[in-house]
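Here is a friendly walk through the packing of one protein chain.

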Amino acid sequence: MTTDEQIIEILRGYDVLGVPTEGTFNVVSEINNLKKNIYFSSQEELISDLIAARAAKDMDKFKEILDTAIKNVEDKYKPDIDAIEKEQGYKYNNEQRQYLTSALEQINMQEARGDISAEDAAEAIKQEVKNMAFQLSSETGTRLLEQADGTLQVFDGYFNNVLFSNIFSQAASTQEIVAFQNYLIQNDIATPQDFAGTKGVYSEKLRGIIETVMNWADKNVNAAEGTPLRNQILSEEPVFFSDIEYQNMDVSFERNLFNYAVKELAKANVDLKKFALEEELEAEKIKYLPPKKETLDDMVEAYFVANTGRSPSAKELSDWSTALAQSYSDSYAQLERFKYEVENMDVKVKPIYDTKFTVDPVTEQPRRVDTVTGQRLDFGNLQEMQPMTPAEIFEAKFEEELGGEMEAWERGSQIREMQNNIMSAMYGG
């Protein structure tokens, strides 16, 4: 076996490197390509060490360099959760430890790559730990909210018993619905496309956007009893989105809080579609460090059974475990391309609106006054350019190569279900 053949076998033994499992390739090019891998992106000097070990035909040294690179990254980025628990006086369950480890690893990586400063990294870590502290109530699934006296109490949400119509009356006129939709669009909470075909209609889409703002406020706003923010909101002019709310003097803290949340979201220029997705997948944020080989194998095995109704062969298990590991590197490469696009894009400017709710002194009708108070960046179609997650990359490849088998399995499942239903109807089984 030649030197390069030995090196190919060694590289293929590390699933996390994502080296092709079949065929031949230029070994030097493949070694240089490791610069794009998360394990070598911050320690490129090891690339020349690998090439030198190849030239010296020192396979033990070659393998030692790979092991060192992987261990350096894992040791460098993995946070000490035990120390955090001791410092904060908390005890996390396995799921919380897993999530916090992943979140802090990402922050540490960003700092190491120079994406954020050490100060910003420290603040981000502090915020993640704080956020996790607000989610320690496993019995209720809610967060613990800091009160005015500094104590933590179980938080059920500001809008727990609040209907959509308590925020924006379903008896609102068409004109008022249009005005409310425009209010959401002006504050980047919605887009004109969201209301295409339903302008002036109290649609399911409109209810969904109202609910998303409520969820964001529950998760991010601390307006507990006695806090300065609650006192501030209570001191503001009552917000009325429709005439019937004003006529009934339906003064609502929750409606004023909703308006505050909309303004805060507008300031941050948050994309709510992305927020909704991240909320569902919060425990599975993008991780660029692939799991260990045993975990990869288990994931591939489960995916095969769920989507094709069978277990993979030994070769399929090896190939698809490598493909799954490669998806992490591919996702990281997409992230790097995305960062490049951000740095080089033509950023435009949009106006910032300040919305005031008052009563017209002549007509005594509620009115909304929108004033341009500044400008903010418009990132255009940047959201569409975001990198795919490792799972999305893997699933797309799997569907491309085994889509026919997946469809056959699904049709077979439907037929078996229909047959079972018929037998149950015939024989009362």
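A nonpolar core is a set of buried Ala, Val, Leu, Ile, Met, Phe, Trp, Tyr and Cys residues joined through side-chain atoms within 4.5 Å. Please keep in mind that this is a predicted model.

With that definition, the largest nonpolar core has 35 residues. Those with the most contacts inside this core are Phe-168, Phe-180, Leu-184, Leu-206, Ile-210, Val-221 and Phe-258. Two or more residues each come from the elements α9 (174-186), α10 (204-220), α11 (228-235) and α13. Leaving aside residues up to four places away in sequence, Leu-184 touches Ile-189, Ala-190, Phe-195, Leu-206 and Ile-209. A second, separate core of 26 residues includes Ile-7, Val-27, Leu-66 and Met-109.

Now turn to helix α1 (residues 3-12). Which of its residues are buried? They are Thr-3, Ile-7, Ile-8, Ile-10 and Leu-11. These residues lie on the same side of α1, because they cover an arc of only 165° around the axis. Among the elements that cover them are α2 (27-33), α3 (45-55) and α4 (59-77).

The aromatic rings deserve a look of their own.

| Pair | Centre to centre | Angle between planes | Geometry |
|---|---|---|---|
| Tyr-158 and Phe-159 | 6.5 Å | 75° | edge-to-face |
| Tyr-303 and Phe-398 | 4.9 Å | 85° | edge-to-face |

Why is the pair of Tyr-303 and Phe-398 edge-to-face? Its planes stand at 85°, and planes over 60 degrees apart count as edge-to-face. This pair links distant parts of the chain, with Tyr-303 in helix α15 (residues 293-308) and Phe-398 in helix α17 (residues 390-427), 95 residues apart. Phe-398 counts as buried because its relative accessibility is 0%. Tyr-158 and Phe-159 are both buried too.

Rings also gather in one aromatic cluster formed by Phe-168, Phe-180, Tyr-183, Tyr-202, Phe-241 and Phe-258. Of these, Phe-168, Phe-180 and Phe-258 are also among the residues with the most contacts inside the largest nonpolar core. Elsewhere, a charge meets a ring: the charged end of Arg-230 sits over Phe-253, 4.1 Å from the ring centre.

One last stop is Met-249, in the loop between α12 (243-247) and α13 (253-268). Is Met-249 buried or partly exposed? Met-249 counts as partly exposed, because its relative accessibility is 48%. Its C-alpha atom is separated by 9.3 Å from that of Pro-238, which is 11 residues apart from Met-249 along the chain.

Terms used. Residues are numbered from 1 along each chain as its sequence is written. This is a predicted model: local features need pLDDT of at least 70, side-chain atom pairs count only at pLDDT 80 or more; totals for chains, interfaces and linings use all residues. Side-chain values use heavy atoms; hydrogens and water are left out. Rings of Phe, Tyr and Trp (its six-membered ring) pair if their centres lie within 6.5 Å; planes under 30 degrees apart count as stacked, over 60 as edge-to-face and the rest as tilted. Buried means under 20% relative accessible area, exposed over 50%, partly exposed in between (1.4 Å probe, protein chains only). Helices (H or I, at least four residues) and strands (E, at least two) are DSSP runs, numbered from the N terminus. A charge sits over a ring if NZ of Lys or CZ of Arg is within 6 Å of the ring centre and within 35 degrees of the ring normal. The arc is that of the directions from the helix axis to the C-beta atoms. Contact means heavy atoms within 4.5 Å.
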